[in-house]
Amino acid sequence: KADADNSYGALNSNSITRFNTKLDEIPVSADIFTEDFLRDVAISTVEELLAGYGTASGVSSSAPDSDAASNQPGDRIGNFQLGARGLTAGTVRRDGFVAVGSLANPGSTAVGQTSTFDTERVETIRGPQGLLYGASGAGATVNTVSKQARFSQKSGNVMFRVDQYGSKLAQADYNYGLKDIAVRFSIMNQHQVYRRVLIGGETQGYYAQFAYRLPRLRTTLRIEGQ
């Protein structure tokens, strides 16, 4: 159900039970980060989000005492993993499917990096419900929700951001929706640098989703590409 959410508090989720469920009616422990929250805290990757704002979650490594020196933003960390509650969280999933990246080196954009430019929500599901999507880490399952093309809505925004290290991020997002047809585009160009010299990278992203409400059926067909 592609309803607009203009606050930090999410009332419903499809990820926890795979059905549109009211969160106040199920005894499940989960962190849900909305699109407005991601934008307001200037987050550009899922891994950065969980390390800074996730409950008992962050970056995990097999030997944290020896890997701590190299476990800094921008590093390509060997055997990089996300963790939750002291246990591995496996790979970041997208719309319930496994994202690109191996178990030891996850990340759909690069090693240890999953860009949020085409993401509407990030949800961390802990406890037994974390096994809903199959084999995963024992700590939790991290699921990202693609930006949804919304019917009967026309909206868009443009963002340009610069940080204290000189990183630059330009992003544009637009939704055009009629009663039964909708399309959404999102593009991004990023120059990322960190506090250390020669550590950073360039990223360009393009995302589109087309939605069609099938006549006389309670079904919506969605096709997306990135």
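Predicted model: local features only at pLDDT ≥ 70, side-chain atom pairs only at ≥ 80, totals over all residues.
## Counting the salt bridges

How many salt bridges does the count come to? The count is ten, where a salt bridge is a side-chain nitrogen of Lys or Arg within 4 Å of a carboxyl oxygen of Asp or Glu.

Residues are numbered from 1 along each chain as its sequence is written, and side-chain values use heavy atoms, leaving out hydrogens and water.

Let's start with Glu35, which pairs with Arg184 in a salt bridge whose closest N and O atoms are 3.2 Å apart. Glu35 belongs to helix H1 (residues 35-40) and Arg184 to strand S13 (residues 181-193), so the pair ties together parts that are 149 residues apart in sequence. Here helices (H or I, at least four residues) and strands (E, at least two) are DSSP runs, numbered from the N terminus.

Both Glu35 and Arg184 are buried, where buried means under 20% relative accessible area, exposed over 50%, and partly exposed in between (1.4 Å probe, protein chains only). A network of salt bridges links Glu35 and Arg184 with Glu120, Lys147, Arg150 and Asp173.

## Two further pairs

Glu224 and Arg94 also form a salt bridge, with 3.8 Å between the closest N and O atoms. Glu224 sits in strand S15 (residues 220-225) and Arg94 in strand S7 (residues 93-94), 130 residues apart. Glu224 is partly exposed at 37% relative accessible area, whereas Arg94, at 15%, counts as buried.

Finally, meet Glu123 and Arg121: their side chains form a salt bridge at 3.2 Å, N to O, and both residues are buried.
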